[in-house]
Amino acid sequence: MQIKQANFVISSPNAKGCPKPDYPEYAFIGRSNVGKSSLINMLCQRKSLAKTSSTPGKTQLINHFLINDTWYLVDLPGYGYAKVSKGLRAGFSKIITDYVTNRSNLMCLFVLVDSRHPAQKKDIEFMQMLGEKGIPFSIIFTKIDKLSKSALEKNITNYDQTLLESWEELPPRFYSSATKQSGRDEILNYIDDINEKW
Ligand code: GTP
Ligand code: MG
């Protein structure tokens, strides 16, 4: 799929403030600093459509981008960022649970995990919550440019094994690098296929 147009629509503090669910929607979620905003920019081939930062906690609202006038990409705040106050942390999880449980047009939630690290409790728990609520999700392993091919393969094998402890079947998985532009076609083709069913 070609991305001809990518326009910022609105930043919302809750699901109520989001645009009408008139188009299929795909959101990016995961721990702070995992690379959600960078991946959105890479997919859209735009340097700073979504705001990125090396300091965790950059994205704090639900950000909608309309793609080719027919579907939405959504940049979400990170979860599991320890340095913010407890009150703010509670706010993050509330905004996220509110969003994921109240978006009728959410076709797939992409859960981003850093390919360099072993499975984190927070991510596994989050995916379990999605399973319980019946929210469809896929996993994207990010920042694959930061490790060797063999280290990546080893980490992914271990990750799959951890997932199989709580899931009978593995979700779709993608591997991305925002700096090297890897994974773009695979993710966009996957979205394209789902859009056809809308
Ligand atoms: P929050 O909005 O704070 O939750 O973070 P985020 O998940 O949106 O992360 P963001 O895209 O802002 O990226 C965080 C940092 O990681 C930035 O310094 C990016 O340049 C860097 N980064 C993101 N993706 C990649 C990648 O694929 N490769 C490398 N090497 N760095 C990356
Ligand atoms: Mg961000």
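In which sense do strand β5 and strand β6 pair, and over how many bridges? Strand β5 (residues 106-114) and strand β6 (residues 137-142) pair in the parallel sense, and six bridges join them. This is a predicted model.

- Seven strands make up an open sheet. Read across the sheet, the order is β1-β3-β4-β2-β5-β6-β7. The pairing is mixed.
- Which strands stand at the edges? They are β1 (6-12) and β7 (173-175). Each has a single partner strand, so one side of each is left without a neighbour in the sheet.
- From one strand to the next, the twist averages 25 degrees.
- One bridge can be picked out by residue: Leu 112 has Ile 140 in β6 as its bridge partner.
- Helix α4 (residues 149-166) packs on the sheet. Helix α4 touches β5, β6 and β7. The direction of α4 makes about 155 degrees with that of β6.

**Aromatic rings**

- A search of the whole structure turns up eleven aromatic pairs. A pair of aromatic rings is described by the distance of the centres and the angle of the planes.
- Take Phe 110 and Tyr 190. Their ring centres are 6.0 Å apart and their planes are at 70 degrees. Planes over 60 degrees apart count as edge-to-face, so this pair is edge-to-face.
- Where do these two residues lie? Phe 110 is in strand β5, and Tyr 190 is in helix α5 (residues 184-195). The pair therefore ties together parts that are 80 residues apart in sequence.
- Is Phe 110 buried or exposed? Phe 110 has 0% relative accessibility, so it counts as buried. Tyr 190 has a relative accessible area of 22%, so it is partly exposed.
- Tyr 190 also pairs with Phe 174. Here the centres are 5.0 Å apart, the planes make 55 degrees, and the pair is tilted.
- This second pair links distant parts of the chain. Phe 174 is in strand β7 and Tyr 190 is in helix α5, 16 residues apart.
- Phe 174 has 9% relative accessibility. Buried means under 20%, so Phe 174 counts as buried.
- Phe 28, Phe 110, Phe 174 and Tyr 190 form one aromatic cluster.

**A buried helix**

- Why is helix α1 (residues 36-44) described as largely enclosed by the rest of the structure? Because eight of its nine residues are buried.
- The buried residues of α1 include Leu 39, Ile 40, Met 42 and Leu 43. Lys 36, Ser 37, Asn 41 and Cys 44 are buried too.

- Most residues other than glycine have a negative phi. Two residues here go the other way, as the next points show.
- Gln 45 is not a glycine.
- Gln 45 lies in the loop between α1 and β3 (62-67). Its relative accessible area is 48%, so Gln 45 is partly exposed.
- Asp 69 is not a glycine either, and its phi is positive, near 60 degrees.
- Where is Asp 69 found? Asp 69 is in the loop between β3 and β4 (71-75). At 41% relative accessibility, Asp 69 counts as partly exposed.

Notes. Residues numbered from 1 in each chain as written. Chains lettered and ligands numbered in written order. Predicted model: local features only at pLDDT ≥ 70, side-chain atom pairs only at ≥ 80, totals over all residues. Heavy atoms only, no water. Pairing = 2+ DSSP bridges. Helix = DSSP H or I, 4+ residues; strand = E, 2+ residues; numbered from the N terminus. Axes fitted to C-alpha atoms, helices over the stretch in contact; angles between N-to-C directions. Contact = heavy atoms within 4.5 Å. Phe/Tyr/Trp six-rings, centres within 6.5 Å; stacked < 30°, edge-to-face > 60°. Buried < 20%, exposed > 50% of the residue type's maximum accessible area, 1.4 Å probe, protein only.
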